[in-house]
2 protein chains.
Amino acid sequence: MRVSAKADYAVRAAAELAAAQSEEAPVKGERLAEAQDIPLQFLEHILLELKHHGIVRARRGAKGGYWLARPADEVTVAEIVRAVEGPIAHVQSTPPEDIEYRGNSKHLQEVWIAVRASLRSVLEQVTLADLVSGELPSVVSDLASSKDAWVAR
Amino acid sequence: MRVSAKADYAVRAAAELAAAQSEEAPVKGERLAEAQDIPLQFLEHILLELKHHGIVRARRGAKGGYWLARPADEVTVAEIVRAVEGPIAHVQSTPPEDIEYRGNSKHLQEVWIAVRASLRSVLEQVTLADLVSGELPSVVSDLASSKDAWVAR
DNA sequence: GCACTCCTGACCAAGAAGGTCAGGAAAGTC
DNA sequence: GACTTTCCTGACCTTCTTGGTCAGGAGTGC
């Protein structure tokens, strides 16, 4: 139940691309790496994955760089996380709806399904545009505005 | 963003213990392993961790076995997951409230905080008693009752 | 004393995490 | 056409995690 460095980096880089979308020129990998303090060569691999998933595009050579394949308000955080981490909330590497529970754990399936649904309700609502503007959907800001949400446990 | 085999096993074993709580006699590891189809020796390690976290108790020898340290309605799934997997929703192995984001990813922190909060809102609500009775809290059953929650994505 | 059951640490193979390195292939510039 | 720039790709590497197994020790009950 943790977020990998890769996913974190991917979202941060994508946020930079979202912010640069108005510039009308591609953003170099090096600039992204510096802006978000991400190891350049590692970032390049991540951007390549995002490209393969149709989230970003790229051009090589001088004046080359990366840009978002779609408007920033049409790209969700969920999409980016899935692109680099794979499916969300799998149990033992299989989707919760495919697992058969027996005996007294029969209803555990519904719990894992609910876990996945609640993750989706956050990650699928936040777009890159929300992220750079700071105007997060109410689902998110409500959750994050509780004092309790900020304390470790 | 996945649930490990260990966490899944731990909750399932704990559910069996919860159901056996009325029996007034300890449950042997072997019976738990068979009931939930978990490799016995692996399960023993898991139960040991749960014991160290004060969730279960155990006695050795003939007539020995495991039992819950507290009533089943006072043990949440969140507690069990934390016992075997560590803190929920850490980013790069550090809690989201400790990370400093800069530039266009400044608001990503709130997103990860919201992710953690939404996970907590599910996992901290479900007790072992809920799990064996099948009467899950409304937060959970509402999420799990949506058709959409059951489809892969 | 003996059987039973948990307790504990060591070990192990495979895979993931988090990178680095080296070179190739487009694109633009002179 | 040569050169520079920047992305593209695969190979490699170290450390940690996952998902276990093995062997023996230590309480407990009869």
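Predicted model: local features only at pLDDT ≥ 70, side-chain atom pairs only at ≥ 80, totals over all residues.
## Overview of chain A

Chain A is built from seven helices and two strands, and reading along its sequence gives the pattern α-α-α-β-β-α-α-α-α. Along its principal axes, the C-alpha trace of chain A spans about 65 × 35 × 25 Å.

By class, the residues of the surface near DNA strand C divide into nine nonpolar, 10 polar and nine charged.

DNA strand D is surrounded by 28 residues, of which the closest are A:Gly29, A:Ala58, B:Ser4, B:Pro39 and B:Gly61. At least two residues of the surface near DNA strand D are supplied by each of helix 2 (29-36), helix 3 (40-52) and strand 2 of chain A, and by each of helix 1 (5-19) and helix 3 (40-52) of chain B. Helix 3 of chain A gives the most to this surface, with five residues, and the residues near DNA strand D comprise nine nonpolar, 10 polar and nine charged.

## The hairpins

In chain A, strand 1 (residues 56-59) and strand 2 (residues 65-68) pair in the antiparallel sense over four bridges, and A:Ala58, which is among the residues closest to DNA strand D, has A:Tyr66 in strand 2 as its bridge partner. The two strands of chain A form a hairpin with five residues between them, and in the turn A:Gly61 has a positive phi of about 80°.

In chain B, strand 1 (residues 56-59) is joined to strand 2 by four bridges, and the two run antiparallel, with B:Val56 standing opposite B:Leu68 of strand 2. Here too the strands form a hairpin with five residues between them, and B:Gly61 in the turn has a positive phi of about 80°; B:Gly61 is among the residues closest to DNA strand D.

## Helix packing within chain A

Helix 2 and helix 3 of chain A pack at an angle of about 115°, with their axes 9 Å apart, which makes helix 2 of chain A roughly perpendicular to helix 3 of chain A. Helix 2 of chain A passes helix 3 of chain A in a right-handed crossing, where A:Gly29, A:Glu30, A:Leu32 and A:Ala33 of helix 2 meet A:Leu40, A:Leu43, A:Glu44 and A:Leu47 of helix 3. The residues of this contact between helix 2 and helix 3 of chain A divide into five nonpolar, one polar and two charged.

The axes of helix 3 and helix 4 of chain A come within 9 Å and cross at roughly 110°, so that helix 3 of chain A is roughly perpendicular to helix 4 of chain A. The crossing of helix 3 and helix 4 of chain A is right-handed, and the contact is made by A:Ile46, A:Glu49 and A:Leu50 of helix 3 and by A:Ile80, A:Ala83 and A:Val84 of helix 4. By class, this contact of helix 3 with helix 4 of chain A has five nonpolar, no polar and one charged residues.

## Where the two chains meet

The contact of the two chains takes 53 residues from chain A and 53 residues from chain B. On the side of chain A that touches chain B, two or more residues come from helix 1 (5-19), helix 2, helix 4 (77-85), helix 5 (108-123), helix 6 (128-133) and helix 7 (138-145) of chain A, and helix 5 of chain A gives the most, with 14 residues. The residues on this side of chain A divide into 34 nonpolar, 11 polar and eight charged.

Helix 5 of chain A and helix 5 (residues 108-123) of chain B pack at an angle of about 155°, with their axes 9 Å apart, and the two helices are therefore roughly antiparallel to each other. Helix 5 of chain A passes helix 5 of chain B in a right-handed crossing. Among the residues that meet there are A:Ala114, A:Val115 and A:Ser118 of chain A and B:Ala114, B:Val115 and B:Ser118 of chain B, and the residues of this contact of helix 5 of chain A with helix 5 of chain B divide into 10 nonpolar, four polar and no charged.

Conventions. Residues numbered from 1 in each chain as written. Chains lettered and ligands numbered in written order. Pairing = 2+ DSSP bridges. Near = placed C-beta within 6 Å. Nonpolar A, V, L, I, M, F, W, Y, C, P; charged D, E, K, R; others polar. Contact = placed C-beta atoms within 7 Å. Axes fitted to C-alpha atoms, helices over the stretch in contact; angles between N-to-C directions. Parallel < 35°, antiparallel > 145°, perpendicular 65-115°, else oblique. Left-handed = near helix turned anticlockwise from the far one by under 90°.
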